[in-house]
Amino acid sequence: MKLFFIIFSALLLVYMLWPGPGKISDFKALPQSDTSTLSGDTVQIPNVAGYFSNNFREFVVPFYVANYQQQAYFPFPPIRINHAPEYAWTAIKKYTDSTYLEELVYPLRDSLYVNGFEPFYSDGSSKFWGATKFAVNGHSWFTKVTLRFYPSNIIVKFLVWLGISLSILFTYKLGRKII
Amino acid sequence: MRKFLFWFITFIFAFIPLYPKFPLFNISGTFVAVRLEDILIAIAIFLWGISVILSGSLKDLVNDRLNQAILLFFFVGIVSTFSAIFLTHSVVPHLSFLHFLRRVEFILLLPLVVDVVKKKSQLITVLVVLALTVLAVNLYALGQQYLDFPVISTSNSEFAKGLILRLTPGARVNSTFAGHYDLAVFLTMTITILTSLFFVLKKRFRLPVIILGGLSLFVLVMTAARQSFFAAFAGMMLVFVLANKKKYIFLFVVATIVILLYPSQLRDRLVSTITVNLFQQGARYQGKTQDQQIRSKLNIPTLAIKTSSQSASASSFASPSGKLATDIAPGEPVNTTQLGVFRSFEIRLNIEWPRAIEAFIKNPFLGTGYSSIDIATDNDFLRSLGEVGLLGTIALILVFVEIGKRIFLAFKSDTKLIRFFSVGVFSMMIAFLINGLFIDVLEASKVASLLWLMLGLGLAAGQI
């Protein structure tokens, strides 16, 4: 059991400290897009990036899943968690328009939130009255995607690993006495 | 000091159920407020801490296996909070820390009571105070229903400011508990304990206990809380089995069937649970216009959509007769009782439980921290997994297992009162955990505090 615990802890430490993306600019920009420089996008708030494009959710999320996996050097993709659009005000920033919000996460590591605002269906028909295209740099785009990356530093990861390892150790020892 | 602490804690036993949930001061970012009882509990814990240090019993306390399990639970809570703030970024730091402190506040009541209640006379004193408290809570509930007594509720952020309300038609009583579910859980605990004590009492005390138990059951039915009714049933059954009073079981089952057959909101909700939630029956609202039908498929159903102007202008959800809920959406049951039951389950199934599971996936060992999965999950086990992960949940399970084992040992006590009271407390704990399958009982301040107080009393009784 002792050996199993040591191996497990060592593997967990390697997994948690494994190098990966450290900032939002490590992720690719959406293909054929205009980078948003609107207030709060890309240039003002750290680790936020906004893109106007004609890419819809079916393309955008798998694109960033692949990109995140590539950046993290893992043989498996990050987990996709679907959030309610209203959570965008918390996860991205306040007043973020949203029709979908997904979180790409490697458990016990960092999260990349992918928020999309799609006033139109992919066939070009509008979803609601008042839907308008985004006019940026002389282009006209159907969708806006905003990313927010939540990195954590290596000391935090190490301390969390230490906390987990100690908790497992204490739980095991006490559990044997109680059960 | 110990004597003073005993009277102080006896006062807290009565104060927590009786004092309405008036906020003392508010915390930014949440409508959960600090209340007077938090201050009283903090004072009690502080004084107890001093007395422990002065009496030199700190080492003994720390060496106790149950206290070690509690300390482990706190340790995982601290690591989880740290991870939530700095690794998963899933909490507002001060809220997470305060939620952690809430757990500490509630759970420390257990060792405090164990340490303070040392004599049989003290146990009896607390039980008498509790019986009078239960009577007052029940009478106040009846007053709300029939005499328009004030209602204090925390069911939404506006009510939680301490508004004085009155019961509206069809609303359920909450007595001094600010929520009908909390009251129902309290009554579940009460009924279970009273059932066990019934067998200990001399004949002249049995009638008052039957009246108090019957009154509690009546108010429990008035709350129409299905889960708590089921938990009370399970708790009482367990008492009969563990106390070796099996001849009462048949009578009890018949009485339960009679209660369920008698027309009440509880019966209607139970029937709707089966017909609507399990068998998907009942007439559903189809949507009067194309506008409503399309909108209900959007994830933002309030968005104006592109349909004919005639369709959009006729899209009122409220029916002129008032028979339909004003906010009904296509696909929901038309009947208002069925609608309430339907939403109650759908919210859990589609929002609250998946949110907790997602939090668990993000950090299986530590969860995403206290307060990270909103104010309610309506399942304490999923909530625990989501907030403090496997490690926190296992630590909490160890606490309950150790408590259960100790109370179980007291079943063999030579003193009849302690034997039956232990059976009652054990059954109450199981009934409480059954409530936790659909309600966040371990976080509901009043009933959570009372749980740890009662478990402490159960353990103290075992040591007398």
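This is a predicted model: local features need pLDDT of at least 70, side-chain atom pairs count only at pLDDT 80 or more; totals for chains, interfaces and linings use all residues.
**Stop 1: two helices in chain A**

Select residues 2-17 of chain A, which form helix α1, and then residues 154-178 of chain A, which form helix α4. The axes of these helices come within 10 Å and cross at roughly 160°. Angles over 145 degrees count as roughly antiparallel, so α1(A) is roughly antiparallel to α4(A). The crossing of α1(A) and α4(A) is right-handed.

Next, show the side chains where the two helices meet. On α1(A), select A:Phe5, A:Phe8, A:Ser9, A:Leu12, A:Leu13, A:Met16 and A:Leu17. On α4(A), the contact is made by A:Ile154, A:Lys157, A:Phe158, A:Val160, A:Trp161, A:Ile164, A:Ser165, A:Ile168 and A:Leu169. By type, the residues of this contact are 13 nonpolar, 2 polar and 1 charged.

**Stop 2: A:Pro151**

Now select A:Pro151, in the loop between β8 (143-150) and α4 of chain A. A:Pro151 has a relative accessible area of 24% and is partly exposed. Buried means under 20% relative accessible area, so at 24% A:Pro151 does not count as buried.

Which residues does A:Pro151 touch, not counting those up to four places away in sequence? They are A:Gly22, A:Asn47 and A:Asp110, together with B:His89 from chain B. To relate this stop to the previous one, draw a distance from the C-alpha of A:Pro151 to that of A:Ile164. The two residues are 13 apart in sequence, and their C-alpha atoms are 19 Å apart in space. A:Ile164 is one of the α4(A) residues in the contact with α1(A).

**Stop 3: A:Phe27**

Select A:Phe27, in the loop between α1 and β1 (33-35) of chain A. Is A:Phe27 buried or exposed? A:Phe27 is buried, with a relative accessible area of 5%.

Leaving out residues up to four places away in sequence, A:Phe27 touches A:Pro21, A:Tyr64, A:Asn67, A:Tyr68, A:Leu112 and A:Phe149. For a distance from this residue, pick A:Pro62, which lies 35 residues from A:Phe27 along the chain. The C-alpha atoms of A:Phe27 and A:Pro62 are separated by 13 Å.

**Stop 4: B:Ser57**

Move to chain B and select B:Ser57, in the loop between α2 (36-55) and α3 (58-63). With a relative accessibility of 18%, B:Ser57 counts as buried. Apart from neighbours within four places in sequence, B:Ser57 is in contact with B:Arg2 and B:Val52.

**Stop 5: B:Asp148 and helix α8 of chain B**

Select B:Asp148, in the loop between α7 (120-146) and α8 of chain B. Most residues other than glycine have a negative phi. B:Asp148 is not a glycine, yet its phi is positive, at about 60°. Its relative accessibility is 43%, so B:Asp148 counts as partly exposed.

Then select residues 180-198 of chain B, helix α8. Its end C-alpha atoms are 26 Å apart, which agrees with the 27 Å that its 19 residues should span at 1.5 Å a residue. Of those 19 residues, 18 are buried, so α8(B) is largely enclosed by the rest of the structure.

**Stop 6: B:Ser371**

Look for B:Ser371 in the loop between α15 (336-362) and α16 (380-409) of chain B. B:Ser371 is buried, with a relative accessible area of 19%.

**Stop 7: two helices in chain B**

Finish with residues 416-435 of chain B, helix α17, and residues 445-463 of chain B, helix α18. Helix α17(B) has 20 residues and reaches 28 Å from its first C-alpha to its last, close to the 28 Å expected. Helix α18(B) has 19 residues and reaches 27 Å, close to the 27 Å expected. Of the residues of α17(B), 17 of 20 are buried, and the helix is mostly covered. In α18(B), 17 of 19 residues are buried, so this helix is largely enclosed by the rest of the structure.

How do the two helices pack, and at what angle? Their axes are 9 Å apart, at an angle of about 150°, which makes α17(B) roughly antiparallel to α18(B). The crossing of α17(B) and α18(B) is left-handed. Residues in the contact include B:Phe421, B:Met428 and B:Phe432 of α17(B) and B:Leu451, B:Leu455 and B:Gly458 of α18(B). The residues of this contact divide into 13 nonpolar, 2 polar and no charged.

Notes: Residues are numbered from 1 along each chain as its sequence is written. Chains are lettered from A and ligands numbered from 1 in the order in which they are written. Side-chain values use heavy atoms; hydrogens and water are left out. Helices (H or I, at least four residues) and strands (E, at least two) are DSSP runs, numbered from the N terminus. The expected span of a helix is 1.5 Å times one less than its number of residues. Buried means under 20% relative accessible area, exposed over 50%, partly exposed in between (1.4 Å probe, protein chains only). Axes are lines fitted to C-alpha atoms, for helices over the stretch in contact, and angles run from 0 to 180 degrees between N-to-C directions. Angles under 35 degrees count as roughly parallel, over 145 as roughly antiparallel, 65 to 115 as roughly perpendicular and the rest as oblique. A crossing is left-handed if the near helix is turned anticlockwise from the far one by less than a right angle, and right-handed if clockwise. Contact means heavy atoms within 4.5 Å. Ala, Val, Leu, Ile, Met, Phe, Trp, Tyr, Cys and Pro count as nonpolar, Asp, Glu, Lys and Arg as charged, and the others, Gly among them, as polar.
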